[in-house]
Amino acid sequence: MKITVKLFASFRQYLPVENRAEGISMQINESTTPHQILKQLKVPIDQAHLLLVNGSFIEPEKRDQSIFKNNDILAVWPAVAGG
Amino acid sequence: MAWTRNILRINLTTLSCKKEPLNMEWAGQYLGQRGLATKYLTEEIDPKVAPLSPENKLIMTTGPLTGTMASTAGRYSVVTKSPLTGAIACSNSGGFIGMEFKNAGWDMIIFEGKAPYPVYLYIENEQAELLSADEIWGKTAWATDEWLHNQHQDPLLRIATIGRSAEKGCLFAAIINDLHRAAGRSGVGTVMASKNLKAVAVRGTKGVGNIKDPAAFMKAVNDGKKVLAENPVTGEGLPTYGTQVLMNVINEVGAMPTRNMQEVQFEGAEKISGEAMHEPRPTDGKPNLVTNAGCFACTIACGRISTIDNGHFSIQHKPQYFGASGGLEYESAWAFGSDTGVDDLDALTYVNFLCNEDGMDPITLGSTIAAAMEMFEQGNLNLEDTGGLELRFGSTKTLVEIVELTARGEGFGKEIGLGSKRLCEKYGRPELSMTVKGQEFPAYDPRGIQGMGLAYATSNRGACHLRGYTVSSEVMGIPEKTDPLVTEGKAELVKAFQDATAAVDSSGLCVFSTFAWSMADIAPQIQAACGDEWTMEALLEAGERIWNLERKFNMDAGLRGADDTLPKRLLKEAAKTGPAAGHVNDLHKMLPEYYQLRGWSQDGVPTKEILNRLGII
């Protein structure tokens, strides 16, 4: 299946410059987990605080599970806040 | 301790300046700044007073920690009755002027009456005098700042001033200090203008002392700074990306107010985000962001200093805007960006400069323009009404033009200066004003973040994110993650955030410190400075006391529980996209529980029991 991966804030550095704004498209199989994708992209898992799939928060305990469907959007941030 | 114990009372009608002792019994109940000034205001004015009459008062106030070495201790607030809402107004600002008030020996300045002619207040330590503002009335905040520095030949003078918008009656005028910090919300600048008070210029050289236990204070402060430095949000995220890091977050979770809150996601969010501010512009190869900036004593430094492409249409032939100045924060970026459908980062930076230059609240201004755009597109406003402006969503040039007009109080900008509630009522579409109690919403659509609906509805100064920022928990997971789409537990969450924030706002510290600090980090700093009695429990009770006092003022001013509501759009029209698709805000599920937790009646009125328990009556 195909998913889109978007990385934000300081995690942008783990994407090629030309893909930073739009994210990258990845072909994965059904068993792939969010943490496997982060490892592949060399994103430090312990710093991945906010992890959303299609905008919904994924609890840390579910990030080693196969949760993806075709055309999902994975978006990941380190700890961030604002006002 | 930590307080200077001095109040400066300025009677503008008689042009007199008087020193008074601070009421330390009240300080023991309300701490300082927001809480203590609210106590003074409620004791000294009739809640039903007309906000722009001489009978209203305006209080500039610091907290006991303002001006000390504690991190983020640079805050001051302006407390008055709001002309925008008719409710209590308390606008908090950083920069350096709060510190300077303390260094000059003053906890608080109370302005009363109305000057017979335009004046400004000049303070040099104990000396305070009202001087003619003839030469600066009609000038921008930036020009006034420059004139005062030249006039007094003092580059270290700290200045808070109104711009032209306030003088022209814009109901959401801000008070600008240190060029680009603002007591921004609820029209505190409009009240200042109504008193013929143009500016306050202050120089203090006395230092800030009176710390109860200096050694314990130094330890507590150093411990606190370590926590801020080691926390990924305050140590790295905020300094690097500022509040603007939220643009993409809130858009992804489907809570981005877009085109006057008709939608919850904006296709142009990436282009106007905190990340985009770091990218080189295709036009001149330079990034929007020059550097971050800190207020006095702050070790976070979330402020933005930005430039605009000098070839951009908005500043062509305007070299005064070619340099770096206060850049976009998230609140101004969404209000001028997604809410008006504009995704031009240079244009948004320019209109944000104008808000600083002429003292306007960017949230209310952007939202009011968005409401006008919806009315224009639906035929409630026409070209004759707008003076020829095609007020359509996504029109960058129109956005720039209407902000310039509002800053000067000219043409249709004069009407925009009414705020969206009055504007939409005037043109027959009151339901298109996205406000609570007459104040516009900040950057979080409460259909996608349920707790924020309750926080907005019950905020004592009208819709506001800084009165109970449950986004922190519901979206960012600070201190604990809660589900943004459920209502269970949100009444308790909102009350907890409201009370804690009221305490922090009364201390002199910045509320952004609480992304890393809990009350367990804050209390030792206040205890060492002010006395052991300021435990975590005492601080939270003071917060609850402040909240109830503000509420009581509003009730006495004529507001009712029925005002604790949201625009119909958010209660009836479901979000169309994102995780919140199909959701409205379920305020009715949270509000009764909230009243119960507060100990208020079913109509939202604080009971005698609760007011007695808190020592308010």
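1. The bounds of the domains discussed here come from an automatic or database domain assignment. The structure itself is a predicted model. In chain B, the assignment gives domain 1 (6-203), domain 2 (235-252 + 258-433) and domain 3 (447-613).

2. Consider next how domain 2 of chain B is placed relative to domain 3 of chain B. Their C-alpha centres are 27 Å apart. Domain 2 of chain B contributes eleven residues to the contact, and domain 3 of chain B contributes 14 residues. On the side of domain 2 of chain B that touches domain 3 of chain B, seven residues are nonpolar, two are polar and two are charged.

3. Which residues of α17(B) meet α19(B)? They are B:Q450, B:G451, B:L454, B:A455 and B:T458, and their partners in α19(B) are B:K490, B:A491, B:L493 and B:V494.

4. The contact between the chains involves 30 residues from chain B and 21 residues from chain A. On the chain B side, the elements giving two or more residues are α8 (232-241) and α9 (246-252). The most comes from α8(B), with six residues. The side of chain B that touches chain A consists of 15 nonpolar, ten polar and five charged residues.

Methods
Residues numbered from 1 in each chain as written. Chains lettered and ligands numbered in written order. Predicted model: local features only at pLDDT ≥ 70, side-chain atom pairs only at ≥ 80, totals over all residues. Contact = placed C-beta atoms within 7 Å. Helix = DSSP H or I, 4+ residues; strand = E, 2+ residues; numbered from the N terminus. Nonpolar A, V, L, I, M, F, W, Y, C, P; charged D, E, K, R; others polar.
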